[in-house]
Amino acid sequence: MADKLKFALAVLLLAAGLAGYYLLSGQAMIFRVLCVLAGVAACVAVGWFTEPGRRLAAFGSEAVVEAKKVVWPTRKETTQTTLAVFAFVVVMALVLWVVDLAVGKLIAVILGWQQ
């Protein structure tokens, strides 16, 4: 039940920050943006101490650990792969162009169109 109350308080703090943005419409934009940021910060601070907030933080730290395990391609591998993709695109464009011309000619012959 305490987590639900904390979550409700976090949502209210976020709503208060957003409401402050509109209530301060006569003020400078920096104050309005700071009001929203303060609401978001207060929401995160309260939400951090709920069970879902702790699970989200654990998930984030595990995601960082997993991202560090990724083996990124070298510059040479990236260049080779990019060139292979470009070559494939050029070849496919030529093949489709030839097929388009052939189908166009075939249709012209079948329908008896003059070119």
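## Basis of the description

A residue is called buried when its relative accessible area is under 20%, exposed when that value is over 50%, and partly exposed in between. The model described here is predicted, and these terms are applied to it throughout.

## A residue after α4

Trp 113 is placed in the segment after α4 (75-111). With a relative accessible area of 55%, Trp 113 is exposed, because the value is over 50%. When neighbours within four places in sequence are left aside, Trp 113 is in contact with Ile 107 and Ala 108. The C-alpha atom of Trp 113 is separated by 71 Å from that of Gly 53, a residue 60 positions away along the chain.

## The largest pocket

Gly 53 belongs to the lining of the largest pocket, which is also formed by residues including Phe 7, Val 11, Cys 43, Trp 48, Thr 50 and Leu 56. The volume of this pocket is about 230 Å³. Three helices, α1 (2-23), α2 (29-48) and α3 (51-68), each supply at least two residues of the lining. Sorted by class, the lining holds nine nonpolar residues and three polar ones, while charged residues are absent from it.

## Thr 50 in the loop between helices

Among the lining residues is Thr 50, which is found in the loop between α2 and α3. Thr 50 has a relative accessible area of 3% and is therefore buried. A polar atom of the Thr 50 side chain lies 3.1 Å from the backbone nitrogen of Gly 53, and both of these residues line the largest pocket. Leaving aside neighbours within four places in sequence, the contacts of Thr 50 are with Asp 3, Lys 6 and Phe 7; of these, Phe 7 is also listed in the pocket lining.

## Cysteines without a disulfide

A disulfide is a covalent bond between the sulfur atoms of two cysteines. The cut-off applied here asks for two cysteine sulfur atoms within 2.5 Å, and by this rule the count comes to zero disulfides. Cys 35 takes part in no disulfide, its nearest cysteine sulfur being that of Cys 43, 13 Å away. Seen from Cys 43, the closest cysteine sulfur is in Cys 35, and the separation of 13 Å is too far for a bond.

The two residues fall into separate accessibility classes: Cys 35, at 21% relative accessibility, counts as partly exposed, whereas Cys 43, at 18%, counts as buried. Cys 43 is also one of the residues that line the largest pocket.

Methods
Residues are numbered from 1 along each chain as its sequence is written. This is a predicted model: local features need pLDDT of at least 70, side-chain atom pairs count only at pLDDT 80 or more; totals for chains, interfaces and linings use all residues. Side-chain values use heavy atoms; hydrogens and water are left out. On a 1 Å grid over the protein atoms alone, a cavity is a set of points where a 1.4 Å probe fits but cannot get out, and a pocket is an open set with protein on both sides within 12 Å along at least five of seven lines; lining residues have an atom within 4 Å of a point. Grid points are joined across faces, edges and corners, and a volume is the space filled by probe spheres set on the points. Helices (H or I, at least four residues) and strands (E, at least two) are DSSP runs, numbered from the N terminus. Ala, Val, Leu, Ile, Met, Phe, Trp, Tyr, Cys and Pro count as nonpolar, Asp, Glu, Lys and Arg as charged, and the others, Gly among them, as polar. Buried means under 20% relative accessible area, exposed over 50%, partly exposed in between (1.4 Å probe, protein chains only). A polar contact is a pair of N or O atoms within 3.5 Å; within protein, one must be able to donate a hydrogen and the other to accept it, and residues adjacent in sequence count only if both atoms are side-chain atoms. Contact means heavy atoms within 4.5 Å.
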